[in-house]
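Hi,

Here is the structure I promised to pass on. Have a look first, and my notes follow below.

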Amino acid sequence: METIKAPRGTRDVLGGESWKWARVMDVTASTADDFGFREIMLPIFEHTELFSRGIGDTTDVVEKEMYTFTDRGGRSVTLRPELTASIMRSYLEHDMRRGPQPVKLWGWGPMFRYERPQKGRYRQFAQIDFETLGVPGPMADIEIIDLSMEIYRRLGLSNLQVVLNSVGCPKCRPAYREVLKKYFASGFDSLCDTCKSRFDRNPLRILDCKNDACRQITESAPAVTDSLCDECGAHFKAVMRGLENLGADIKLDNRLVRGLDYYTKTAYEILSGDLGAQNAVCGGGRYDNLAESIGGPHVPGVGFASGIERIVITMEAQGAYMGKEPAPFIYVVTSGGGAENEAVSLAHDLRSRGVSADLDFMGRSMKAQMKTASQANARFVCILGEDEISAGTVTVKDMSAGTQETAPRAAAIEKIEKNVSRKEELR
Ligand SMILES: [Zn+2]
Ligand SMILES: [Zn+2]
């Protein structure tokens, strides 16, 4: 029988990598605290309507990429392709409008999109996601962008650029659509098939097309910022000024429209030159009409999402500090011959004092055990030979200094425990 492999577009994050993810999550969680965001945990699947109405049914995500299926009760459900719609659904469902505004929430976990897998892009991928709900003003946009930059700064990333645009609002966007349609009409025959079909339904999305021919045409397309209404124009300027005030390196890009229909006003991405073609490490913006499109009242919101795989790839490419690969502080080595119980008991006592300890289960030779201890990068080895067992002592070997010392069991444990408080410097 052929062995079963993971489905195409999915991957296992193995022990050699998962600790890097743990660092990303630690930094994300502490930055969230510092900015006053609360974590929420949401279902992995939702009613399909949440996304088809929320994200928009002319988007690539909804048209081509969703994992949608009918469950055994005959309902259409979809594995979430993103988190914003779910967070808004939760805000509405739990009537968070009643409390003080804004409501600042964050979440993370796997998302699912049926895309062509490539470097840094998977069909199941993990994102962190932050949303500020309930306030319309530019301060929330500035804080969200600042927050995303702060997470990357704390993760040691450099060379990042904020790319900023406005996509207008339902008041000014129809006029811009007409301007765009007039512009694209002349080059219509050169557009790709997808863009031809977008021409009537959603010409803004043509700006976003990665097809070479389309990109050539969109290069000199009229800028949305020339069509903004007074309110959107003032909002855009305020966000720009706010970011400049924080010293952010921003670049304006009129073609940045983001792939989701719910965006209004601010749209932004943070790009890293170290990611290749898929160079956005994060994307987000304002979505003042999302709540209404999923059947709620008017609730303004702004947020961003960032792929954890992309963050880790960028950190690796830039040689950022990833934290330390976990290693046992102590490896317990025995000379065999009935010492297993002693070894298990010593490991138990160390672990109960918060000292990480590991040991051999295979009854291998002392030499083999020492080799494993060294490969595991253990800081100290506790040797339980025949002499130690009969005398009730433990020999503690300092693996980096090469020195060793024999002491009564209790005294040895106490000394190790003291060293643990200096664990970081001892590594
Ligand atoms: Zn507007
Ligand atoms: Zn195209």
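In what follows, two residues are in contact if their C-beta atoms, placed from the backbone, lie within 7 Å. Helices (H or I, at least four residues) and strands (E, at least two) are DSSP runs numbered from the N terminus.

This is a predicted model, where local features need pLDDT of at least 70, side-chain atom pairs count only at pLDDT 80 or more, and totals for chains, interfaces and linings use all residues. Residues count from 1 along each chain as its sequence is written, while chains are lettered from A and ligands numbered from 1 in the order in which they are written.

Let's start with helix H12 (residues 340-352). The buried residues of H12 pack against S12, S13, S14, S15 and H15. These are Ala-343, Leu-346, Ala-347 and Leu-350 (buried means 20 or more other C-beta atoms within 10 Å of the residue's own, exposed 12 or fewer). They fall within an arc of 100° seen down the axis, so they line one face of H12 (the arc is that of the directions from the helix axis to the C-beta atoms). On the other side, Asn-341, His-348 and Ser-352 are exposed. Just after H12, Gly-354 has a positive phi of about 80°.

Now the sheet. Its 5 strands run in the order S13-S12-S14-S15-S16, open and with mixed pairing (strands pair if DSSP finds at least two bridges between them). S13 (357-359) and S16 (404-408) are at the edges with a single partner strand each, so one side of each has no neighbour in the sheet. S15 (residues 393-398) and S16 run antiparallel, joined by 5 bridges.

Cheers
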